[in-house]
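Subject: Structure handover

Hello,

The structure we spoke about is below. Please look through it before reading my notes.

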Amino acid sequence: GSLRNDPPRAPTVVQPLLPGPTLARLLASLGPVRGRTFLDQLRIDLTSARDLLRKAVDKADRAGLQRASHSLIALAGTVGAAGLEHAARALNLKAQAIRATDPHDLADDVAALATRLIAELDAPRAAGQPAESQRR
């Protein structure tokens, strides 16, 4: 075979799901104690919705997919996580379709985005610091 001289690929940059200014405004309006409580509850709710989504996929439960995706739409919309919100909306529409195609791939993508958002929320906590978005 011949050697190809493909140009080097640029490293993939993963953009955060949480827009700093949106979350910062929300947390500023809540204050430090209520803001921390809000973030804790958001983590719990995201984890619950993600886990419900995974169970619905495993059981081929269209109604469960609709409930989980609806929850993720609301949670993502609350903090301005547009990527997760749009993916969850697409999944919700697919689950509502009369002749829905297999939603597994899309559900896996939505669950992965929810997991990323949870990790973004947990990262500053693990480091003992406020979230980057909270410092703006």
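What follows is a short account of what was found in it.

This is a predicted model. The chain has a mean pLDDT of 80, with 74% of its residues at 70 or more. Where pLDDT is low, the predicted coordinates should not be read in detail.

On the fold: the chain contains five helices and zero strands, so the pattern along the sequence is α-α-α-α-α. Of contacts between residues at least 6 apart in sequence, 63% join residues at least 24 apart. Of the 136 residues, 33% count as buried. The chain exposes about 8,600 Å², and carbon and sulfur atoms supply 55% of that area.

Helix 4 was looked at in more detail. It runs over residues 82–96, and its 15 residues should span 21 Å at 1.5 Å a residue; the end C-alpha atoms are 21 Å apart, which agrees. Its buried residues are Leu84, Glu85, Ala87, Ala88, Leu91, Asn92 and Ala95. These cover an arc of only 165° around the axis, and therefore lie on the same side of helix 4. An α-helix has 3.6 residues a turn, so residues three or four places apart point the same way. The exposed residues His86 and Leu93 are on the face of helix 4 turned away from its buried side.

Regards

Definitions and conventions
Residues are numbered from 1 along each chain as its sequence is written. This is a predicted model: local features need pLDDT of at least 70, side-chain atom pairs count only at pLDDT 80 or more; totals for chains, interfaces and linings use all residues. Side-chain values use heavy atoms; hydrogens and water are left out. Helices (H or I, at least four residues) and strands (E, at least two) are DSSP runs, numbered from the N terminus. The expected span of a helix is 1.5 Å times one less than its number of residues. Buried means under 20% relative accessible area, exposed over 50%, partly exposed in between (1.4 Å probe, protein chains only). The arc is that of the directions from the helix axis to the C-beta atoms. pLDDT is the predictor's confidence in each residue, from 0 to 100. Contact means heavy atoms within 4.5 Å. Accessible areas come from the Shrake-Rupley method with a 1.4 Å probe; for residues, only the protein chains shown count as cover.
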